[in-house]
Amino acid sequence: HFLGTLRKSRTRMDRTLESLQYLIAQVLPHRDPALVFKDLNVVAVLQEFWENKQKQRAVFPSEGTVVYESLNSPGPPFVSYVTLPGGSCFGNFQCCLSRAEARRDAAKVALINSLFNELPCRKITKEFIMESVQEAVSSTSGTLSDADDPSTSIGAYHYMLESNMGKTMLEFQELMIVFQLLHWNGSLKALRETKCSRQEVISYYSQYSLDERMSSHMALDWIMKEQESPGIISQELQVALRELEEARKAGQELRFYKEKKEILSLALSHIYSDQVTSSSNDDQMDLALSGYH
C-alpha cells in the first residue's frame, strides 16, 4: 500500500532528541544543548511565532492559537502536549518535576520544529520530490517507471507530493496523518475493495481535515470491530499508549499516536456508557416487575 511508502517519509519530519541536540551543538558549539533554551520564554516565543505566521497569511488571529494539554497526574513526572495551528502535536521529552516545566519543555520541542519548518530544505520542491521518489524506490520493490502510474504505491506517493508542491513538511504531514489514520482504521482497505483508484481516494480525502466528525466516524468503526472481536479496542489502546509514550520521549511529532488514543478512548467511553445505560434499564425493569408481582 502507498502508505507503507508514506510512513517511511515520517523520518524526514520527526525530530528526535538526538537530532535537536546535534543541530544546537553545530550552531552553538560553546553552549550546552540541554541548557540553551533555559533562559528563553519559549511559551511566549512559540505563541508569537505562530501569531505572526497567521497574520502574514491574513487569516483569523484565533487560528494562530497554540493549545496546551497537561495529563492528569498526582505527582511527577508530568506530561504536557502542545498542538500547533494545523494540528501538529509535540510533547515534553525530558522528565519534568512540575507541570510548568513540562509545558516549557513541550513548547521548546514545538518551537524548534516550527523553526526547522521554515528552512528552504523543508519545502516540497521538484528536487525534493525526485530525491524522495528515488529513496522510496530503493527501499521497496518498485521501479522509477512506477512514479508515473498512480495505481502503484510509488506512483501514489509521487502524486501526493506533486499535489502538495510548495508546502512545508509540517503542512504535508497534516494531510498524511488523515491517510495514516484511514489506513489504520481499515477505511482505505474498504475503499480499495470498492474498486476506487488510489488517485480517486487521494483526491477525495485531500479535501478533508481531521475533525470531530471524522474522529467520531472512526470511533464508530472501532465499536463495530469490538462487537466482532471483543477486547480489540483495549488491545489497540495499549499499543497506541505505548507508541505515544515512546514517540514523546524521542521528541517526535505525536499527532498520529495521540489521535489513535483519543479515537479508541472515545469508542470505549461509548461502549461503557451503553453498558451502564443498559444495566440501569435492566435494574429499572427488575424493580418494575418486582412491584408488579
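**View 1. The second largest pocket of this predicted model holds about 360 Å³ of space.** A pocket here is an open set of points on a 1 Å grid over the protein atoms alone, where a 1.4 Å probe fits and protein lies on both sides within 12 Å along at least five of seven lines. Grid points are joined across faces, edges and corners, and the volume is the space filled by probe spheres set on those points. Lining residues, which have an atom within 4 Å of a point, number 18 here, and the closest to the centre are Ser215, Arg255, Lys258, Glu259 and Glu262. At least two lining residues come from each of β1 (67-70), β2 (80-83), α11 (212-228) and α13 (255-292). Helices (H or I, at least four residues) and strands (E, at least two) are DSSP runs, numbered from the N terminus. With six residues, α13 gives the largest share of this lining. By class, the lining has eight nonpolar, three polar and seven charged residues; Ala, Val, Leu, Ile, Met, Phe, Trp, Tyr, Cys and Pro count as nonpolar, Asp, Glu, Lys and Arg as charged, and the others, Gly among them, as polar.

A word on the model: it is predicted, local features need pLDDT of at least 70, side-chain atom pairs count only at pLDDT 80 or more, and totals for chains, interfaces and linings use all residues. Residues are numbered from 1 along each chain as its sequence is written, and side-chain values use heavy atoms, with hydrogens and water left out.

View 2. The largest share, five residues, belongs to α8. Nine charged residues join eight polar and seven nonpolar ones around this space.

**View 3. Three strands form an open sheet in the order β1-β2-β3, with antiparallel pairing.** Strands β1 and β3 (89-91) are the edges; each has a single partner strand, so one side of each lacks a neighbour in the sheet. From one strand to the next, the twist averages 20 degrees, taken between N-to-C directions of lines fitted to C-alpha atoms, on a scale from 0 to 180 degrees. Two strands count as paired if DSSP finds at least two bridges between them.

**View 4. Antiparallel β1 and β2 are joined by four bridges.** Follow the pair across: serine 70 faces serine 80 in β2, and tyrosine 68 stands opposite valine 82 in β2. Proline 77 sits in the loop between these strands. A cis peptide bond, with omega about 0 degrees, links proline 76 to proline 77.

**View 5. The hairpin of β2 and β3 has five residues between its strands.** The antiparallel pairing runs over three bridges, and threonine 83 lies opposite cysteine 89 in β3. In the turn, glycine 86 has a positive phi of about 105 degrees.
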